[in-house]
Amino acid sequence: MDLNLCLKVLDAEQIRQADQFTIKNEPIHSIDLMERASEEFVKWFAAQFSVDSPVVIFCGTGNNGGDGLVICRLLNEAGYMVSLFCVGDPDSGSRDFKINYDYIQNYDIPQTVIEQDNFPELTTGTIIIDAIFGSGLSRPVVGLIADLINHLNEQPCAFRVAVDIASGLGCNERFDEGAVMLATHTVSFQVPKLSLLLPDNEKQSGQLVIKSIGLVEEYIQSLSSSFYYSTEEFIKSFIRSRGKFSHKGTAGKNLLVAGGLGKIGAAVLASKACLRSGAGLLTVHVPGCGINVLQNSVPEAMVIADEQDHLISNMNSISEYDVIGVGPGIGTDKMTTLVISQILDQFDLPMVIDADALNILSENKEWIEKIPKGSVLTPHPGEFRRLVGDWNDDYERLDKQIRFCAEHDLVVLLKGANSSICNSDGTVIFNSTGNPGMATGGSGDVLTGIITALLGQGYSGYESAVLGAHLHGLSGDLYVRKYTEETLIASDLIDFLPEAFRKVSGR
């Protein structure tokens, strides 16, 4: 895995250093770099929003405000109805801000310097562009500007688009107080910011778009970070193709332990996803009530029926398998709990642990030490909280994820938008695919099947988790391109897996 093919997540100081290095070594004047960033923003904006939409732009007096001034000028030239609001004294602005502020006086654009008594009342359909503060903000926003941000958050506007980052939102830290713009979209420059990838900040970040502004890539790669954002180029760099003489025995002997009374569908979804992801041989251990369902729904799989009709109660020899995926729909009955203990005692290759198997572990935390090193755990936030305890915010949650992986030599894929995938060395890759339509029952079962199949084909635990999350999310994105988020169900993800594999493999 070549992490240099990911987007590196940098902090505010590192971003400033990358700007300065580019200015000095490209070389390029800072004001021309500002123009370049603004042009990228406007290209995206014009592709999203009609020229008939009224646009109001709020600019601080720093360089983020300078971006806003250039954006205002370019949108005006493109025919948009723009109004400019300066937040702060223009005469005290940064050098590049003042140059662009003087320049924009040559344009017929309505302009207002914000005071306490002249906050604008906006109409439905208005688009706010937020260029008040950028990623260098180091303290919470209070006072007049906080009042303005709170006022704008209450306006019945159509969209609030943040330039680089929403005003009031820290780049890589959370402020306990202060106002933050509620952005529907964020157009971030060059690299993602950590705060934009965390669920706590969903309302402040909205839809994330990342636009390159040509900062020197070699310098960015020299900067230290444990956080990365996956790209299609990165995924393509390590996905494998099968050899000419591959056969079903070399593509992985997989065992899925899944299903319970009323939840045999979880076993079906995981099984189909596993097979669609390249598993050579698949055996599924299900309660007795599930055998006919599996044999009819997934004829390509071999099925072992448990002696108990409604739950998993025993386990035959498992030494013949290359990988085991366990958890979807199994419940937490005492007999099933003992089966989990038995698997952990007998199996020493990386496995995938999900759903109720995680809940069983949370009640028997001493068993975590028995999990084979390099295994993949795929909790949602509630399951992870039961494993590691509560947290105050997503920054603390991320710290707990990193410590857990390091302590136990495991991979944790914490599910959600921008799922965070952590390796035992503390490297975290945020997944860049997926959409809200995937928040539907059974989606996690599909992910378990995908990762199980990848592990069985010889990918490492971390590779399997990163590739599996990308394919899983991409399948959802491909579905939504054709249909809608509201109509997506888990089995649709399986149907679109072939197209997802084709897209990332180039075959």
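**Note on a pocket and the cysteines**

1. Helix α1 gives the largest share of the lining of the second largest pocket, seven residues. Helices here are DSSP runs (H or I, at least four residues), numbered from the N terminus. The model is predicted, so local features need pLDDT of at least 70 and side-chain atom pairs count only at pLDDT 80 or more, while totals for chains, interfaces and linings use all residues. Residues are numbered from 1 along each chain as its sequence is written, and side-chain values use heavy atoms, with hydrogens and water left out.

2. The second largest pocket has a volume of about 930 Å³. A pocket is an open set of points on a 1 Å grid over the protein atoms alone, where a 1.4 Å probe fits, with protein on both sides within 12 Å along at least five of seven lines; lining residues have an atom within 4 Å of a point. The volume is the space filled by probe spheres set on the points, which are joined across faces, edges and corners.

3. Of the 37 lining residues, N63, N64, G134, S135 and G136 are the closest to the centre of this pocket. The elements giving two or more residues to the lining are α1 (12-25), α2 (30-48) and α3 (63-77).

4. The structure holds zero disulfides (a disulfide is a pair of cysteine sulfur atoms within 2.5 Å). For C72, the closest cysteine sulfur is in C59, 6.6 Å away, which is too far for a bond. C171 is in no disulfide either, and the nearest cysteine sulfur, in C6, is 18 Å away.
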